[in-house]
Structures are given as C-alpha cells and as structure tokens.
Amino acid sequence: MEGLNELLEELERMYERTPKHVDGSVLGSMTTWPHPVGVLAFLKFMHVNGGDPETFDVVSECERGLVEGVGKLYGASAGIHTSGGTESNILALFVARRTRKGGNNVVVAPSTVHVSIEKACELMGCRLVKVPADPLGPVDAGLLERYVREHSPFAVVITAGTTEAGAVDPVEEAAELAEKYGFHLHVDAAYGGLIIPFLRKHGLLDVDLRVGRGVASLSVDMHKLGGAPIPSGLLFFEDDELLEAACFRAAYMPSGRICGLLGTRPGGAVVASYFTWRAVGVSGYENNALRLMELAKALHDGLRTIEGIEAFPYTLPILVFRSKLMDPEELARELRNRGLHLYRAPSVGGLRVVLMPHHQRKHVDRLLKLLAEIHQRSPGNLGGSTPAL
Ligand SMILES: *Cc1c(COP(=O)(O)O)cnc(C)c1O
C-alpha cells in the first residue's frame with residue numbers, strides 16, 4: 001500500500017501539469033471546462049449506475065428531463081442518454097439496421113463523416129460508401145441523391161458541424177431524400193446541436209435541425225457545447241419504436257432490460273448533464289452561441305491580417321487556417337512550446353481552432369499575437385529555444 005500523502009501529492013502534480021481549458025490553452029479540442037453545478041452533481045452521484053434506473057430512479061428522472069428539455073430544440077420527445085457522440089452514432093446505426101429489415105448492408109455518408117461511423121460500420125459488418133465532399137464544406141445534395149439511388153443504403157449519415165471544419169450538411173434536402181427513398185437518416189449534430197438552433201433563430205444560419213419528417217435520429221453531445229462533464233451525449237429518435245430498438249432484454253436487471261451500448265455506466269453523468277442544462281438555461285446557450293460567433297469573427301479577421309497565414313471561411317466557431325511558411329506539424333509544435341494546444345486540419349495541411357464556452361477574447365488575442373510573432377521570423381530561424389510565455 002502506498003502512503004496517502006504521497007499519492008495526493010502526485011495527484012496534485014499531475015493536475016498542475018495538465019492543460020486547463022479555462023486558461024485558454026486548449027484551443028483545438030471540442031471539450032470544455034465543465035459547469036460547476038455539473039461537477040458537483042457528478043461527484044454526488046458518482047456511485048450511481050446509469051444502467052440501472054430501477055434501483056437509482058434519479059437516473060430516469062434526470063434522463064427524462066434532459067430528453068424533454070434538450071429535445072424541444074429539435075421537436076423530439078424520444079431519446080436516450082449516452083456516453084457521447086461515438087456511442088450515439090454507433091447506437092443510431094445499430095437501431096437503423098435492427099428496424100430496417102430486408103434492406104442491404106450499405107451506409108452512405110459524405111467523406112467528411114466522423115470516424116465513429118467507420119467504427120460502427122466495421123463493428124456491424126456494414127459497407128460504408130463515402131460521397132466525395134469538399135473537406136471544409138457541406139456535401140452536395142444532388143450528389144448524395146445519386147449515391148442513394150446507386151447503393152440503396154439502409155441508412156444515411158450526415159453531419160451538422162463536421163469535426164474538421166464545422167461544415168453543416170443540407171439537413172432538409174437529406175430529410176426529403178429519406179422520405180422519398182425510405183432509408184434511416186441519422187443527423188450527427190454532436191458538436192453543432194447546441195449552437196445551430198440558436199444561430200437559426202437569429203438568422204445567422206438557415207438550417208432546420210429537427211427530428212422527424214425524414215430525420216429518424218439525431219445525436220447531440222452534452223460534453224461539448226452543452227458544458228457538461230465528460231461523458232455525456234444524447235441520442236434522439238423519431239418515435240418510441242426506434243428508442244425501443246435501442247434496448248435489450250436482461251432478465252437479471254430490476255427493470256428487465258438494459259438500453260444503449262454500455263452496461264454499467266456513470267449515472268452521475270446523467271444527473272450532471274441535466275443540472276448543467278438547467279443551470280445554463282436555454283437563454284444561456286443562446287447567448288453562448290452568439291458570443292462564440294463573435295469570437296470566431298474576431299479570430300478570422302485577425303488571422304487574415306497576419307502575413308503568411310491563409311484563413312478559410314467558417315460556418316460554426318471552428319476556424320481552419322494554414323501557414324504558407326511552415327508545415328502544420330512545425331507550427332503546432334511552436335504553439336505547443338508556448339503552451340497553446342491546437343488540432344490539425346489535415347485536408348488543407350493546416351490547423352484548426354474550436355472556440356468553446358470557456359474561451360474569451362483575450363485567448364483569441366494571445367493566439368493571434370503568437371502567430372504573428374512566429375510568422376515574422378523566417379522559418380529557418382525557428383528553434384526549440386523559444387521561451388514559453
Ligand atoms: C465529437 C464528435 C463525435 C464523437 O463524439 P464523442 O463524444 O467524442 O464520442 C462524432 N461526430 C461529430 C460530428 C463530433 O463532433
């Protein structure tokens with residue numbers, strides 16, 4: 001047995017050296033600093049198994065509240081709490097195949113689709129046919145239809161807020177295709193789900209994120225723009241029948257069944273998400289959406305003034321840019337040496353910034369200042385000896 005004091009000290013050292021969203025150093029991740037009410041709720045219900053809503057009825061109460069509250073944004077009333085976008089996407093395709101009997105084994109999705117759909121297809125032995133799409137833009141609806149006609153998929157997945165660039169696929173057009181051809185349309189709004197409805201309300205984006213009328217399922221992450229602790233996602237279904245197909249009989253469980261892909265799971269995450277949702281409130285999410293778009297504009301404007309940087313157009317607060325002087329690995333390293341963590345935008349050989357609720361104007365300004373500094377010097381002069389900020 002190790003001494004408690006030593007263990008606590010080591011824990012503290014590990015915590016200290018771990019990047020913290022609130023200091024603005026985490027600039028590429030879609031995760032955020034969890035809301036304090038959510039953190040408290042999580043700690044309090046750490047012992048609760050989310051897979052056993054009979055023994056721990058707080059889980060079903062909070063899940064119902066979440067599905068009802070968040071679901072209103074998309075006109076959805078059936079849904080389930082998951083561990084995040086990956087579980088939601090795998091579960092959505094699983095339900096699609098379980099309920100669309102007799103179809104073939106093909107899933108059609110734009111080439112920008114999230115890697116979790118590849119996982120789902122490989123797990124289920126499905127064939128994923130990718131529709132070529134601009135890596136930074138939405139898929140072309142006409143091309144999507146051509147692929148649907150050619151491959152007769154049992155499911156199509158489109159994305160509202162792609163991972164690399166925040167592009168939004170044409171939801172309404174895809175929903176019309178789903179009604180016409182009868183496939184299960186899953187909309188992956190893991191990132192975009194808690195910003196797009198508010199941008200639409202303010203006339204900043206014309207996309208109707210909804211469930212029903214062609215959209216069979218939709219996934220939204222609470223641990224991204226929802227501000228809840230990890231792991232937390234929601235998967236909405238068009239009706240209770242689809243939701244039912246996400247459940248298995250498990251005679252030993254008090255409820256006789258177990259829903260979703262996990263067994264024992266963090267019940268604290270369900271309670272935390274529900275209380276975060278209520279603490280932030282719809283108006284809080286709405287304000288956040290508008291604020292992040294303003295920050296995105298400031299960052300985009302700033303990037304365009306830096307010589308040697310090319311900034312790409314954006315739809316949601318995900319900014320993709322490329323250095324004309326340095327390769328992305330080198331630039332990412334230079335920034336990391338100065339304490340800033342960005343992600344790659346591989347399709348354009350650049351980097352990306354995901355603006356999240358914890359970001360402030362000063363974080364954007366610091367990034368711009370560092371990028372300008374790095375680009376003022378010739379690439380040959382850049383060494384590892386640059387002092388950290
Ligand atoms: C984040 C994300 C996922 C995966 O979600 P996790 O919560 O990381 O499992 C899937 N699709 C999209 C579009 C995402 O942004």
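**Close-up views of a predicted model**

**View 1. Helices α10 and α12 side by side.** In this predicted model, the axes of helix α10 (residues 267-304) and helix α12 (residues 361-376) come within 10 Å of each other and cross at roughly 15°. That angle makes α10 roughly parallel to α12. The crossing of the two helices, α10 and α12, is right-handed. On the α10 side, look for Leu295, Ala298, Leu299, Gly302 and Leu303; they meet Arg361, Val364, Leu367, Leu368 and Leu371 of α12. Sorted by class, the residues in this contact of α10 with α12 are eight nonpolar, one polar and one charged.

**View 2. A tilted aromatic pair, Tyr74 and Phe236.** The count of aromatic pairs in the model comes to four. Among them are Tyr74 and Phe236, whose rings are 5.6 Å centre to centre with 55° between the planes, a tilted arrangement. This pair links distant parts of the chain: Tyr74 sits in the loop between α3 (57-71) and β1 (78-82), while Phe236 belongs to strand β7 (residues 233-237), 162 residues apart. Both Tyr74 and Phe236 are buried.

**View 3. A stacked aromatic pair, Trp277 and Tyr285.** How are these two rings, Trp277 and Tyr285, arranged? Their centres are 5.2 Å apart and their planes stand at 25°, so the pair counts as stacked. Trp277 and Tyr285 are both buried.

**View 4. The cis peptide bond between Ile230 and Pro231.** Here a cis peptide bond joins Ile230 to Pro231, with omega at about 5°. Pro231 is found in the loop between β6 (217-221) and β7.

**View 5. Ser152 and Arg213, two residues with positive phi.** Ser152 is not a glycine, yet its phi is positive, near 40°. You will find Ser152 in the loop between α6 (141-151) and β4 (155-159). With a relative accessible area of 46%, Ser152 is partly exposed. Arg213, also not a glycine, has a positive phi of about 45°. Arg213 lies in the loop between α8 (196-201) and β6. Is Arg213 buried or exposed? At 53% relative accessibility, Arg213 counts as exposed.

**View 6. Glu244 and Gly260.** Glu244 lies in helix α9 (residues 240-244). Its relative accessible area is 45%, so Glu244 is partly exposed. Gly260 is 16 residues from Glu244 along the chain, and the C-alpha atoms of the two are separated by 9.9 Å.

Note on methods
Residues numbered from 1 in each chain as written. Predicted model: local features only at pLDDT ≥ 70, side-chain atom pairs only at ≥ 80, totals over all residues. Heavy atoms only, no water. Axes fitted to C-alpha atoms, helices over the stretch in contact; angles between N-to-C directions. Helix = DSSP H or I, 4+ residues; strand = E, 2+ residues; numbered from the N terminus. Parallel < 35°, antiparallel > 145°, perpendicular 65-115°, else oblique. Left-handed = near helix turned anticlockwise from the far one by under 90°. Contact = heavy atoms within 4.5 Å. Nonpolar A, V, L, I, M, F, W, Y, C, P; charged D, E, K, R; others polar. Phe/Tyr/Trp six-rings, centres within 6.5 Å; stacked < 30°, edge-to-face > 60°. Buried < 20%, exposed > 50% of the residue type's maximum accessible area, 1.4 Å probe, protein only.
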